[in-house]
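Subject: Structure handover

Hi there,

Here is the structure I promised to pass on. Please have a look at it, and then read on for what turned up.

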Amino acid sequence: MGVQLKELVQSAEIEEVQGNIDQQVLGLAYDSRKVKRGDVFFAIAGGQADGHDFALRALEQGAAAVVLERRLPLPEDATWVRVRHVRRTMGFWAAGFFSHPSRRLILVGVTGTNGKTTTTYLLESIFKAAGLTPGVIGTVNYRYRNQVYPAAQTTPEAVDVQALLARMVDAGVQAVAMEVSSHALAMERVRGLDFEGALFTNLTRDHLDFHETMESYFFSKSRLFTDYLRTSCKEKKCAVIHGEDPRGAQLLAMARESGLNTLSFGNGRQWDVHPIDYKSDLEGLTGKIRVKDREFSFSSRLVGAPNLENLLGAVALASAIGLPLKSIAGGIAALQSVPGRMERVENGRGFSILVDYAHTPDALDRGLQAVRPLTKGRVITVFGCGGDRDRGKRPIMGEIAARLSDLVILTSDNPRTEDPMSILQEIEQGARKTGIQKLRISDFGIRNSDLEIRKGYSVEPDRRAAIRLALRQARSEDLLLIAGKGHEDYQILGADRIHFDDREVVREELGQSAIDCER
């Protein structure tokens, strides 16, 4: 694969060009360590390093040209292109270099604080039921046909996402559901993609370490509709928006002002897509959904009211791009679970165990409110907050867990470079506000399996030990929610990344408990 540099130069806003633009470009790179001969190197200014500092190294490694935002003292025979926005240019050039793969398939983007992953899993299943070959790009992994790749980022960099879509097209993929993060939207990673549709799930507190304010966070999310979808070359495109979210009405107005066709969804009958009636229990969700003037029955194995909203969003987007309701219902029924999203861990003890990714205040609040009516016993919650991230949400989440649970065990998530106990102390500030009793580890009756604690919280920084405590306290008809990490199979402690999967640990501890009982 190759393209002449002058063809790429014509596809973006150029400030200045120096050197030979008639040469062939063999690849694209934004990491100077990965530059090969014939590549174009994009000098991206990042949080850790500035690519401009490595432009000369890239040329010495054989780069055909460098793209930069400011002039540098480079060799006289070097080829360089100065632009206003390197990331924006990288998106356009990557699309051109890979022959615009998004134009050769159905591409839908899903953004919002919570629900993106579940929605893309639902769309993938619906695509299959409609006879389409699906691909997915998201938080859990990137996958198509029998290929599965680990996801370093929810939404890859522009060069990587275009290369991935090109491989999908070559493999016969026809429809792709993509999670589009606020970081990706702010950093132009999806520039050059042509979307058929875009979906907004909700907006609640998250990533304020990056965006700083909720207004900035919302602005980044809104760009999927008012910028990227609006400028898509697709003939038919639709903005699907959760109308009941506090930001939904605002985004609906913005999308309409941008000239987009819109479709709203929510629980209320005023929305284009809404439930007629439904039943929710630990076996899943069943009922009827209305799509404008049509209705269909559905049955899903997904648990809880938040998943009803995810279902409605997937239904709305699938119908917006013209998929039949029969296929939509079939796809919903076929999806058994989503990794780490209210995922059941089966056991023979008579209580329920759910592992969920809830790592924001809203997700934890909604998750706990959803499971409360599903159990006759106590709700036991194990959770923590990540280090080197938004500290402001820690006491908020502590208060939510203490207020909505019977028993809470505060533990480590991914502490990263922070002291785990310092993180837990900040979470505990919120728990104490509820007046809930603090329990000592010995109060949990490790040696007295008949002791049952009705209300309280405790602190156990070792996540495995915290899960063990919760399992030993759980009784018949209780519900244990292990929140924060979901599908993640690792824990970051300082600079170390160790293997840790909540679901695996639960199964291991349940097995160990059985051995202890036999003794």
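Let me start with arginine 223, which is buried, with a relative accessible area of 13%. Please keep in mind throughout that this is a predicted model. The side chain of arginine 223 meets that of aspartate 227 in a salt bridge, at 3.1 Å from N to O. Aspartate 227 is buried too, at a relative accessible area of 14%. Both residues sit in helix 8 and are four residues apart, so about one helical turn separates them.

Helix 8, which covers residues 214-229, also holds glutamate 215, while arginine 247 lies in the loop between strand 14 (238-242) and helix 9 (248-257).

Arginine 301 counts as partly exposed at 28% relative accessibility, and glutamate 283 as exposed at 52%. Salt bridges with shared partners also join Arg88, Glu188, Arg191, Arg223 and Asp227 into one network. The count for the structure comes to 38 salt bridges.

Arginine 301 comes up again in the cavity search. The whole structure has one cavity of 30 Å³ or more, and the largest cavity has a volume of about 40 Å³. Among the residues that line it are Arg301, Asn307, Ser337, Met342 and Glu343. By class, the lining has four nonpolar, two polar and four charged residues.

Next, helix 4 (residues 116-129). Its 14 residues should span 20 Å at 1.5 Å a residue, and its end C-alpha atoms are 20 Å apart, which agrees. Twelve of those 14 residues are buried, so helix 4 is largely enclosed by the rest of the structure. Just after helix 4, glycine 131 has a positive phi of about 85°.

Finally, serine 327 in helix 11 (residues 325-334) is buried, with a relative accessible area of 10%. Leaving aside residues up to four places away in sequence, serine 327 touches Ile126, Ala129 and Ala130.

Best wishes

Definitions and conventions. Residues numbered from 1 in each chain as written. Predicted model: local features only at pLDDT ≥ 70, side-chain atom pairs only at ≥ 80, totals over all residues. Heavy atoms only, no water. 1 Å grid on protein atoms, 1.4 Å probe; cavity = no way out; pocket = protein on both sides within 12 Å on 5 of 7 lines; lining within 4 Å. Points joined across faces, edges and corners; volume = space filled by probe spheres on them. Nonpolar A, V, L, I, M, F, W, Y, C, P; charged D, E, K, R; others polar. Helix = DSSP H or I, 4+ residues; strand = E, 2+ residues; numbered from the N terminus. Buried < 20%, exposed > 50% of the residue type's maximum accessible area, 1.4 Å probe, protein only. Contact = heavy atoms within 4.5 Å. Expected span 1.5 Å × (residues − 1). Salt bridge = Lys/Arg side-chain N within 4 Å of Asp/Glu carboxyl O.
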